[in-house]
Amino acid sequence: MLPSSKSSQRMTCSSLVSIEDSYELCRQITATYSKTFYMGTQLMPEAKSKAIWAIYVWCRRTDELVDGPTSNTTTTETLQKWEQNLESIFAGYPLEDADVALVDTLSRFPIDIQPFRDMIAGQQMDLYSSRYQTFEELKLYCYRVAGTVGLMTMPVMGIETSNVAAPQKSHQQFQYPASEAIALGIANQLTNILRDVGEDARRGRIYLPLQELALFDYTEEDLLNGVIDERWRELMKFQIHRARKFFVDAERGIKRLSPDIRWPVWSASMLYSKILDAIEHNQYDVFNRRAYVSTPRKFLCLPIAFLRSKIL
C-alpha cells in the first residue's frame, strides 16, 4: 500500500474523501474511460500507477470542460476559474475528491505546473476553434492537449541513473527525454483525431488541416458528408504515416526512462499505435466504424513490448 504523505494529510479538507479513496476513484475513472491506457498503468509499480491515475483524471476533467456533457456552459471565465483551482491544488489544497490524490502525488514527485496550464490553454483553443488551417496550428493544439501529458508524467516515471557517475556518459543522457515525451502525446492525439473524424464532424469540428484536405482535392463538405473515395484514402494514408513517425520519434526516448517503467510505456505506445492499424483494416472508414484494438490483440502486444523494454 502507498504510504500517506503527512503534508497532504494536513491539507486534505475534512469534507473530502481520504487519500486512498481518492486514488481508488482515480483508478476507477481511468479503467472506465481509457481501457488501453489503464492496461499500461497496471504494469507499473504501485506508487507510479497511482500517480499516473491522479494525473489522468485531472486531464480528463479538464478535457470535459469543452467536450463533456456540460460543455455548452463553458466559457473563458470557466477555464480561468479552473486554472485558479489548479493553483490551489499545487499549493496543497484539494477542492474536490479527485484532487486529493493529485495533491498527494504532487507531494511525492517534482511535477511542474506549466504543462497543466498549457493544457488549459489547449482547451481554450477548442472553445473557439473548430478548424485548423495548417499542421503547425494543429501541432500546437496537439502539444497543449496531449504532449503536455508526457511532461506531467515524466517526473513520475523517472529516468535511468545507474550509470550517471560514469565519466564517459554525457550529462545530456540523464536529462528527461522531454521532446520524446511530447512526441508520444502528439502521436496519441493525432491517432485520436483520425479515429474520431466522423464523431467530430457530427459536432461540426474538423481537426485535419484544411490545407492538407485541399492538397488531396478533398473538401470540408466531403468530410462533413462522410465521403470515402480514393482522395480520402490517400489523405488518410498521409495522416497515418505522420502519426506513426511521431510514435517512432517517441520510442527513441524510452530507453532513457527508469527500467521499471519501460515495459508499461512500450506497451502503451504499441497498443495505441495499433488503432492506426485498425483504421487501415476498416478501409479508412472512420465515419461509420470506430477503430479499436480487441482485448486479445492487446494481450498479444505485451510480450513483444516486454522484449523491447529489455533490448532496445
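Buried means under 20% relative accessible area, exposed means over 50%, and partly exposed lies in between (1.4 Å probe, protein chains only). The views below come from a predicted model, in which local features need pLDDT of at least 70 and side-chain atom pairs count only at pLDDT 80 or more, while totals for chains, interfaces and linings use all residues. Residues are numbered from 1 along each chain as its sequence is written, and side-chain values use heavy atoms, leaving out hydrogens and water.

View 1. Helices (H or I, at least four residues) are DSSP runs, numbered from the N terminus. Tyr 56 counts as buried because its relative accessibility is 15%. Setting aside residues up to four places away in sequence, Tyr 56 touches Ile 29, Thr 30, Tyr 33, Ser 34 and Phe 37; contact means heavy atoms within 4.5 Å.

**View 2. Here helix H5 (residues 76–90) packs with helix H7 (residues 114–128).** Their axes, lines fitted to C-alpha atoms over the stretch in contact, are 10 Å apart at an angle of about 170 degrees. The two helices are therefore roughly antiparallel, a term for angles over 145 degrees. Among the residues that meet are Leu 79 and Trp 82 in H5, and Phe 116 and Ile 120 in H7.

**View 3. Now look at Trp 232 in the largest nonpolar core.** Such a core is a set of buried Ala, Val, Leu, Ile, Met, Phe, Trp, Tyr and Cys residues joined through side-chain atoms within 4.5 Å. Of its 89 residues, Trp 232 is one of those touching the most other members. Beyond neighbours within four places in sequence, the contacts of Trp 232 include Val 197, Tyr 218 and Phe 287.

Methods:
Axes are lines fitted to C-alpha atoms, for helices over the stretch in contact, and angles run from 0 to 180 degrees between N-to-C directions. Angles under 35 degrees count as roughly parallel, over 145 as roughly antiparallel, 65 to 115 as roughly perpendicular and the rest as oblique.
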